Amino acid sequence: MCEIYFRRSDDQVERVSLSQGETVLNGLLNRGVEVPYGCLTGVCQSCLLRSTDSEIPEESQKGLSASQKKMGYFLSCCCRPKQAMIVSLSNLFKKETSQVLEKEILTDQVARLRISKALCYRSGQFLTLWKSQDVARTYSIASHPSHDDFIEFHVRLYDNGVFSPWIFDGINVGDEIEIQGPMGECFYNANGKDQPMLLSGIGTGLAPLYGIARDALLSGHTGRILLLIGSRTKQGLYYEEELKALQRDYPQLEVKFSVSELDRDEAATKSHSRDIYSYAKVLMPDLAGAKVFLCGGESFVRKMRRQCFLNGANMDDIASDIFLCFPS
Amino acid sequence: MSVYEAIGGAAAVDAAVDIFYRKVLSDERISEFFDTVDMAEQHKKQKAFLTMVFGGPNAYTGKDMRSAHAGMNLTVVHFDAVAEALVSTLEDLEVPQGHINEIVGIALSVKDDVLNV
């Protein structure tokens, strides 16, 4: 058992005892201390707390930036301390209020949400969107900060989810939505404009990749950019027109699709490749000196990252975003 | 001057780590030990290992090497595979033979601890 001293203000401190193995977040919530939280798996950073004078368990700072670590920030949902800690709320990311500008159902699985630009970001980073005080999810940004007057997300529908059905059916143009961020290191860095780039993702992994591709092209990237998007079925693909248009404007961009479950006619015409991994190898066999961006589920990112590394990409040149699917 | 300084210090480790990790991942004798969910974490470990065998500043002791590899049932085959990957990495980077010998010497000095014998 260990003690957490939650500092509400300079002269107001609350003491909470954690039971064996309990996280700081759980302990605080169970005793009625209100701490914002989202994913509970150490990704969204909603539950970030700060401790400047206690020992912080290493696993609760995984994925934070060097400066965040140095300033004593930690993820309370992953923090199981061995000794007493003095903690306080972080005000690193203030919640901002944004407004829904546009909502379009692109396919029966994917909605496009555009909200007002309430904060600064880089294409490919992600934000936390709040449905209510205690329900939040993170989404990657598909828009461009200086060329678009909105922030764009692509939301995949999970029928039994607590968040995505609300985006599809609950929220309307004109509604306010609270957002927080940005986070993530998956964005274009303009100091290698002639480097080849491989951008690969599954499903709505296209959102950050579309953002990164546009950011690169608008920044004057001259090297070849291969955007390879996978989906289980052909119906899972979207944005084909937008991508075609982008290809017309920028010949250095090449867009390819890979569908794993083709019906017989499609397989016969070979209009799409089945296996995204072997397709990536055929399209860009040598990745020495290339920049790689991967966005999708954990098994995809893991397998593709390994393959890209073995095909010559440097570890530091492979950026990835793992999309989480939440149990409802 | 230590061999670590002679071959370029931390920059030499940075140059070697991707080449070395690629080699061990491609070697069927040992790839399973290195093929983990968290590649970034594994990459960090390879960096620490290379810093150690290059004779650089590191916090490893023989006891650490022993406990880190305990229960993995490693054999000479595994040890040799890693040593081969190490030597071939250094050759790729055109490190002079004298330095390679010195580095292999450091690797051999922890062999018993790694194999837990």
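Colleague: How do I read the pair A:E102 and A:R114, and what do their side chains meet in?

Modeller: They meet in a salt bridge, with 3.3 Å from N to O. The term covers a side-chain nitrogen of Lys or Arg within 4 Å of a carboxyl oxygen of Asp or Glu. A:E102 sits in strand β6 (residues 96-105) of chain A and A:R114 in strand β7 (residues 110-116) of chain A, so the pair ties together parts twelve residues apart in sequence. Helices (H or I, at least four residues) and strands (E, at least two) are DSSP runs, numbered from the N terminus. Over all chains, the structure holds 20 salt bridges.

Colleague: What are the ground rules here?

Modeller: This is a predicted model, in which local features need pLDDT of at least 70 and side-chain atom pairs count only at pLDDT 80 or more, while totals for chains, interfaces and linings use all residues. Residues are numbered from 1 along each chain as its sequence is written, chains are lettered from A and ligands numbered from 1 in the order written, and side-chain values use heavy atoms, with hydrogens and water left out.

Colleague: How many salt bridges are counted between chain B and chain A?

Modeller: The count is one. The side chains of B:D35 and A:R306 form a salt bridge at 2.9 Å, N to O.

Colleague: How should I read the packing of α2(B) and α4(B), and what is the angle?

Modeller: Two packed helices are described by the angle between their axes and the distance between the axes. Here the angle is about 115° and the axes of α2(B) and α4(B) are 9 Å apart. Axes are lines fitted to C-alpha atoms, for helices over the stretch in contact, and angles run from 0 to 180 degrees between N-to-C directions. Residues of α2(B), including B:V13, B:F20 and B:L25, meet residues of α4(B), including B:M39, B:F49 and B:L50.

Colleague: Where is the peptide bond that is cis?

Modeller: It runs from A:G181 to A:P182, with omega near 5°. A:P182 is placed in strand β11 (residues 176-183) of chain A.

Colleague: What is phi of A:L40, and is the value positive or negative?

Modeller: Phi of A:L40 is near 65°, a positive value in a residue other than glycine. A:L40 lies in the loop between α1 (24-30) and β3 (48-50) of chain A.

Definitions and conventions. Contact means heavy atoms within 4.5 Å.
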